[in-house]
Amino acid sequence: EGDVQRHLYLQDVLTGVAGVPERPRVPEFTCQMAGCCQVFDTLEDYEHHYHTLHRNVCSFCKRAFPSGHLLDIHILEWHDSLFQVLSERQDMYQCLVEGCTEKFKTSKDRKDHLVRHHLYPGDFRFDKPKKSKGPATSMAAMEVPTEAMGDDGDTMEVCSEHVTPPPEPVGEKRTYRHRVPSTVCFGQGASRGFKSTKNRNKH
Amino acid sequence: MLSPRQGLLRPVGCGVEELRRRRREREAALRRARREQQLVSKRLLRDDTPEEAEGGCVASVLGEAEIQQFLRLAQRGTEEKEREGALVSLRRGLQHPETQQTFIRLEGSMRTLVGLLTSNQALLQLEAARCLHELSHSEQSEVAEACLPATSYLLTYLAGHSPDLIELCLYTLGNLIVESEAGRRQLLPQGIVPALASCIQSPHLAVLEALGYALSQLLQAKEAPKKIIPSVLASPIPEHMLRLLQPGPKLNSGVAVEFAWCLHYIICSQVNNALLITHGAVSTLGLLLLYLAGTVQSSEDAGLELLVCPVLRCLSNLLTEEAVEAGGGQVQLRDERVVVSIFILLQFLLQKHPSLLPEGLWLLNNLTANSPSICTSLLSLDLIKPLLQLLPVSNVVSVLVLTVLCNVAEKGPAYCQHLWPGPLLPSLLDTLAFSDTEVVGQSLELLQLLFLYRPEAAQAFLQQSGLQALKRHEEEAQLQDRVHALQQKALHR
C-alpha cells in the first residue's frame, strides 16, 4: 500500500532532470567575463559555467572555488597578512567542514583533523597548503609545498603563480580589489611593508 | 476515563491504551516485514536524449581498452567538445552492469573520474558527475561502493551555486546512502547533516526535491534513530521541512512529497516528537490535510495524491504523543473541518486507492479515541452511514471502521442514542456473518457497548435473530468469552 506506492514512485526512471536536449537552444553567445572565451548555446550551460568558474573567484589570485565558504578561508589564509601574524600566537586554521568549529595551529594539523576526524581523503583537492617562494620573512608562515599537481587532469587552481598584494589595512579583505601590474616583481628580494617599518623602528 | 467504564472495558479490550498498543504493534510488525523484504529504491536521473535514439548508437558494453581511451581523451584531449564527448560516451556505456564492473576494476579509473569531477571545465565536471551518478544507481553494491572516494567532493559541491550540479550530487548521495552502511558511516563525519541544512535554503525546486530524496534515504537507515535523527532534529532542517509543507500557492507537490515522507520517518522513530510539535508540525499538517481534501479531487497534479498517505500517517502518529493529548495540538484538530476533510479523502481513496483506506481510518481512530468533540462531529455531520458503507471493502477496513464506532459508543449513552436506532445494528448483524475473527471480535465489542448504554438495542438485536448470529461463533476460542458475555447481556438486560 502506502510504502509500495512510494517505492514505485521512486523507481520511476524517466524523470527528466538535467535534460540537456530538452533545454531550449539559444543563439551562441560568449561568456562576458574578462579573459574567458567559452561559448554556449543554452542558458543552463552558461549558468553552470559561471557558477563553477566565475562565481567564487579570489580577486587576488584568480583561483576559483566551489563555494563561498572555501573562498573565504582561502583569502584569509593566503592573502591576509594579519592572519600570518595571528596564527603564530593562536590556532587560526579552521576546519573546512561546515558545522565544525575546530581551529588549528598549522595547515598540516588541520589536514590531519580532516583525515582522521572527518574521514576526508588525504589528497583533498581544496586543501592545498600555501606555497611560498623567496626567503623567510617574519610574516609568512613557512609552508613547504607538499603536493605536486597530479597529472590527473586540471584542478581548480586556475593560475600557478603565487602572487601577494601589498599589505592592506586591517579588516579589509575582498573589498580591496586591485590588479597586480605585470611589471611589479614579487618573490626573492622584494621587501614588504611591515618588515621595513619594523627595521626602521629598531634604529 | 471514568472507572466504571474502565472495569467493563478491560475484558472487552476496547480501551484507548489497548488500541494504541495494538496499533503500534501492528505498525511495527508491518515495518519489520517491509524491511525484511528490503524495499530499497534508488532514483535514477537519465535523460533519454534524442541523440541516442537517432544516431542508432544504442549504448553498448565497453571494454577495458575503450574505457581507458575515453578517460584519457577526457583528461588530456585538446578540443573541449572532444573531451566532453568522451565522457558522454563513457556515461552511456556505464548504463551496462558489465561496463560498470570493468570500470571499477580498472586501476585509477575512479581517481581519474574524481579528478574530472573537480576540474575547472564546467561541462566536463557535469558529465563526470553524471557518470558517477550512473554508477551510484547500480544494483551491484561493489559498484556503488566504489563511488565512496568521491563523497567529500559531492558534499563540498552542495555548498556551491550551480543547481544542476547540486541536484546531481544530491541524487547520487541519496543512492549511496541507501546502498551501504559504510557509505553512511563515512558521510556522517564528513558533515552531511550541516551540508543538507545549508542546502535546504536553496530556492531551486529541483534541488529541494533532490534534497528531500537524499534526506529520506538517510532517515530510513536502520541506525537512524540513534545516529542520524538526533543531529537532524538539532539542525535547522525540521523548520525548513515544515516551511516547505505549508499549503498554499507556493506548495510544490514534488518537493512536499519528499519532505512529508522525511517527516514520517522522523516521527516514527519517536526520538523527539515533542520538538516537532513545538515547531508547529500538527498545525502545518492539519492545514495541509484541509488543503488536500479541497484540491485532490479536482487537481491534475498527481503529486498531490502522493501526499495523502504520508500526511495521514504523520498526523495519526503525532496524535499519540502526550504533548498533543495535553491539549496543545488537539485544539487545532478539534476543528470540524478536519473531520470533513478526512471523509472527503476517504471517499477519494475509495475510488482511487482503496488499499490506502486504512491510513485514513487510523487517523480517524486516533482522533475519536481521545476526543468526545470529534465523536460529536461525526454524529452531527451524519457521517455514520458513509462510514458503514466502507465495511464491505476488506477485513482490515472493517476492523478499523468498527474500532472507530467503538470509540464513539464508549463515550456514553448520549452518543449511543444517536447510534441506535439507525443503520448500525443491521450492519453489525451482517458483520457477525463474516468469517474473519478480528472483524467478528470487534463487532462483539461494539455490541457490548451498545447494549450497555442503549439497552433497547439489545431487544431489537434479539428480535432480529441476533442470538443465532452469535451462536455461529460459540466454539471459536478467541471469541468464546465475548460471545457468552453478550448472550448474557442480551438476555438479562
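My entries below take the conventions, then the helix, then the rings.

I worked on a predicted model, in which local features need pLDDT of at least 70 and side-chain atom pairs count only at pLDDT 80 or more, while totals for chains, interfaces and linings use all residues. Residues are numbered from 1 along each chain as its sequence is written, chains are lettered from A and ligands numbered from 1 in the order in which they are written, and side-chain values use heavy atoms, with hydrogens and water left out.

I looked up α31 of chain B, residues 437–453, and found that its 17 residues reach 25 Å from first C-alpha to last, close to the 24 Å expected at 1.5 Å a residue (helices are DSSP runs of H or I with at least four residues, strands runs of E with at least two; the expected span is 1.5 Å times one less than the number of residues). Of the 17 residues of α31(B), 14 are buried, so the helix is largely enclosed by the rest of the structure (buried means under 20% relative accessible area, exposed over 50%, partly exposed in between, with a 1.4 Å probe and protein chains only). At the N-terminal end of α31(B) I noted D436(B) as the cap, with a side-chain oxygen 3.1 Å from the backbone nitrogen of E438(B).

F29(A) and Y46(A) form an edge-to-face pair, because their ring centres lie 5.5 Å apart and their planes stand at 70°.

How values were computed: A polar contact is a pair of N or O atoms within 3.5 Å; within protein, one must be able to donate a hydrogen and the other to accept it, and residues adjacent in sequence count only if both atoms are side-chain atoms. Rings of Phe, Tyr and Trp (its six-membered ring) pair if their centres lie within 6.5 Å; planes under 30 degrees apart count as stacked, over 60 as edge-to-face and the rest as tilted.
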